[in-house]
Amino acid sequence: MESNQEKKLSDLLNGIPVITITGSQEVTISNIIIDSRRVLPGSMFVALRGTQTDGHQFIETTVNAGASAILCEELPEQLNDNVTYIQTEDSAAAMGMIAAAFYGHPSQKLSLVGVTGTNGKTSVATFLFQLFRALGYRCGLLSTVQNQIEDEIIPSTHTTPDAVALNKLLSEMLEKKCSHVFMEVSSHSVAQHRITGLHFAGGIFTNITHDHLDFHKTFDNYIKAKKGFFDQLPKTAFALVNVDDRRGSVMVQNTRAKVETYSLQTLASFKGKIISDTLAGMHMEINQQEVWFRVIGRFNAYNLLAVYGAALLLGESSEAVLTELSNLKSPPGRFEQFHSADNIVGIVDYAHTPDALENVLETITHLRHGNEKVITVVGCGGNRDAEKRPKMAAIACKYSNLVILTSDNPRYEDPLDILEQMRKGVPAQDFKKTTVIPDRREAIFRAGLEANPEDIILIAGKGHENYQEINGVKHHFDDKEVLLEVFKKHLSN
């Protein structure tokens, strides 16, 4: 990540745990780079051990390109006298602290709130961003859907950027007079030290279910990664957890932060109750105050409670918060509703885990008021946790009148192999109502063909994404666009 600022190496290494430093600490560092191809004279190159490549292989290349300093875990056999080598136990953790120092510790000057959990991260972070802007603050957002500084949208490639990109973004937010920043904190970002060195005003835990086992290997490791975020919070921060999730209390076992809770089922700092829930909106009681919201579904009731709680913990008044919350809309691709002229309801949702899919389909079940059919179009991504594939199909069958299994982002896998693994989860009694259509566009059109007025079509898995990734290439594909085409066709029929 290039920068036009420069810092003396000795200032960047203050407080960093190092094994050895070979060379001068008085050199000037112009940027911090993790991609060896982007090293320029004056760069510090950080050798990271990744899942695909090991940055240590490229140390010599970066020295030849003019790197002034190398941060690494293992020193090369040949050292260059004009280069400073910093050996540390964990390059990623050290880089987080160095990146924060390089950009002047921007997170310490912002109210930075992190949201972690399997489901709900994007909604909670986006709702907080929308809410605090409505309350008159200048805000930043770091999410799966997009990074945003006020109205300026910066496309995002990961849930959480690397530590250098993250601190650069936070420093830009500070320059543009932001006071609050809301960010999703993924389990990967904790495990890979992308958030190391950041100062959080608060952390929120939504829930935890099976996900990312391709990366974490075991569910225990996944829980530990999420918990790691709360372990890092300072005592000045708040830790707001969903106590209806049985692992909510586990998350804050070792935190120094002030623990607060939210719940729909039990006593909590922030207690909610759903009074009614329809396709038009949701009527809730929050801390004994009744409010009508435009967003719907039990999962959103939890999201709203988390947002309400965090806002009050950041010093806002209950009345002002509830007034603005009642106007919020769902983020793109999160239970996003569309209606055809002949009254078919289309819902596009990012649900790509068994728990998220069940939440959405349970919500749809509660919203039904007659004999409407539920038609679910769903797939699973390639090169990701394969355990969830049969479970996703089984859940779709449990709640739907018709299920169409289709391709998601196959990445480097054969879509037919993924669909075969999904099909294994279809119970024998549900074979007749399940169809496999690998082409996603064709699958959505089939759903439209099968739908009658009042029926509900759920297109799950991709949500806000406007591409389909096949063999490393992202092809334009937007579930919403295709659904609206289907609805136009209904109109012409």
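A salt bridge here is a side-chain nitrogen of Lys or Arg within 4 Å of a carboxyl oxygen of Asp or Glu. The model is predicted, so to speak a computed picture throughout: local features need pLDDT of at least 70, side-chain atom pairs count only at pLDDT 80 or more, and totals for chains, interfaces and linings use all residues. Residues are numbered from 1 along each chain as its sequence is written, and side-chain values use heavy atoms, with hydrogens and water left out.

Legend 1. The side chains of E420 and R423 meet in a salt bridge, with an N to O distance of 3.1 Å. Both residues belong to helix 14 (residues 415-423), where they sit three residues apart, about one turn of the helix. Helices (H or I, at least four residues) and strands (E, at least two) are DSSP runs, numbered from the N terminus. E420 is partly exposed at 34% relative accessibility, and R423 is partly exposed at 37%. For these labels, buried means under 20% relative accessible area, exposed over 50%, and partly exposed in between (1.4 Å probe, protein chains only).

**Legend 2. K373 and D455, a salt bridge between distant parts of the chain.** In this pair the closest N and O atoms are 3.0 Å apart. The two partners are 82 residues apart: K373 is in the loop between helix 12 (354-367) and strand 21 (374-378), while D455 is in the loop between helix 15 (440-450) and strand 24 (456-460). K373 is partly exposed, with 24% relative accessibility, whereas D455 is buried at 4%.

Legend 3. K258 and E260 form a salt bridge through their side chains, at 2.7 Å from N to O. K258 counts as exposed, at 52% relative accessibility, but E260 is buried, at 12%. Elsewhere, salt bridges link R49, D54, E73 and E74 in a network. Searching the whole structure turns up 22 salt bridges.

Legend 4. Two strands count as paired if DSSP finds at least two bridges between them. Strand 6 (residues 69-72) and strand 7 (residues 84-87) run parallel and share four bridges, and T84 in strand 7 is the bridge partner of A69.

Legend 5. Strand 9 and strand 12 (residues 180-184) run parallel, joined by four bridges; G140 stands opposite V181 in strand 12.

**Legend 6. The largest nonpolar core.** A nonpolar core is a set of buried Ala, Val, Leu, Ile, Met, Phe, Trp, Tyr and Cys residues joined through side-chain atoms within 4.5 Å. The largest one has 39 residues, of which I204, M284, F293 and L325 touch the most other members. Elements that each supply at least two residues include strand 8 (111-116), helix 4 (121-134) and helix 11 (318-325). Helix 10 gives the most to this core, with nine residues. Apart from this core lies another, of 30 residues, among them F335, I347, A356 and V374.

Legend 7. An unreviewed UniProt entry lists S36, T159, T160, S186, Q192 and R194 under "binding site". UniProt positions are given in the numbering used here, feature names are shortened, and annotations may be inferred rather than shown by experiment. Q192 is in the loop between helix 6 (187-191) and strand 13 (202-205), and Q192 is partly exposed, with a relative accessible area of 31%.
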